[in-house]
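Hello,

Here is the structure we talked about. My notes on its rings and its sheet follow below.

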Amino acid sequence: TETTIEKNNDIIKVQAERDAKQGYIYKEDSLEQIEFENDFQFVVTKDQQKAIDDVKQDMESSRPLDRLICGDVGFGKTEVAMRAAFKAVDNSKQVVYLAPTTVLTRQHYYTFKERFEKYGIRVELLNRFVPASKQKIVLDGLKKGYVDIVIGTHRVLSSDLVFKNL
């Protein structure tokens, strides 16, 4: 039908616009990145390693990163995300990590904080349970570049978040 053709044309147009955009080209892994990855206390699976390699290849290319990582609970998606986040911060970028529930944001916050803290990377949490006074400090830190990674619920999509270098 005509509406299907119009929708397909719209999808093709959007994809063509995305393909034409230039992305930020990240540097190859630093020694600190390698050290961070060696801190992982588990053996990386074959699928995890492929996802990690693919994400890094995307980050080091001139195309904008556009990849979805899927897997069951406990299959290492967070580790893939942490390695990408480290690479971003190692390249002077800030990171937003969005999770669907406050419970999951807290879990990720503590996991990230434990892994990133020894590298001087500041990780903060934003969700409805973070007091307004603390949220204000986090927002100010994001704007000034003091906060490297913010983990949160839909709160991180609010218009009052301003980043120094996302």
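The structure holds 10 aromatic pairs. A pair here means rings of Phe, Tyr or Trp (its six-membered ring) with centres within 6.5 Å; planes under 30 degrees apart are stacked, over 60 edge-to-face, and the rest tilted. This is a predicted model: local features need pLDDT of at least 70, side-chain atom pairs count only at pLDDT 80 or more, and totals for chains, interfaces and linings use all residues. Residues are numbered from 1 along each chain as its sequence is written, and side-chain values use heavy atoms, without hydrogens and water.

**Rings**

Take Phe36 and Phe86. Their ring centres are 4.5 Å apart and their planes meet at 20 degrees, so the pair is stacked. Phe36 sits in helix α2 (residues 31-38) and Phe86 in helix α4 (residues 77-90), so the pair links parts that are 50 residues apart in sequence. Helices (H or I, at least four residues) and strands (E, at least two) are DSSP runs, numbered from the N terminus.

Phe36 also pairs with Tyr119, edge-to-face, at 5.8 Å centre to centre and 70 degrees between the planes. Tyr119 belongs to the loop between α5 (102-116) and β2 (123-126), so this pair ties helix α2 to a part 83 residues apart in sequence.

Phe36 has 0% relative accessibility and so counts as buried. Tyr119, at 12%, counts as buried too. The cut-offs are under 20% relative accessible area for buried, over 50% for exposed, and partly exposed in between (1.4 Å probe, protein chains only).

Phe36, Phe86 and Tyr119 belong to one aromatic cluster with Tyr97, Phe112 and Phe116.

Two charges sit over rings (NZ of Lys or CZ of Arg within 6 Å of the ring centre and within 35 degrees of the ring normal). Arg115 lies over the face of Phe36, 4.3 Å from the ring centre. Lys93 has its charged end over the ring of Tyr24, 4.2 Å from the centre.

**Sheet**

Three strands form an open sheet in the order β1-β3-β2, paired in parallel. Pairing takes at least two DSSP bridges between two strands. The edges are β1 (95-98) and β2, each pairing on one side only. β2 pairs with β3 (residues 149-152) over four bridges. Within that region, Val123 stands opposite Ile149 in β3.

α5 packs on the sheet and touches β1, β2 and β3 (heavy atoms within 4.5 Å). Its direction makes about 170 degrees with that of β2. α4 lies across β1 and β3, at about 160 degrees to β1. Axes are lines fitted to C-alpha atoms, for helices over the stretch in contact; angles run from 0 to 180 degrees between N-to-C directions.

Best wishes
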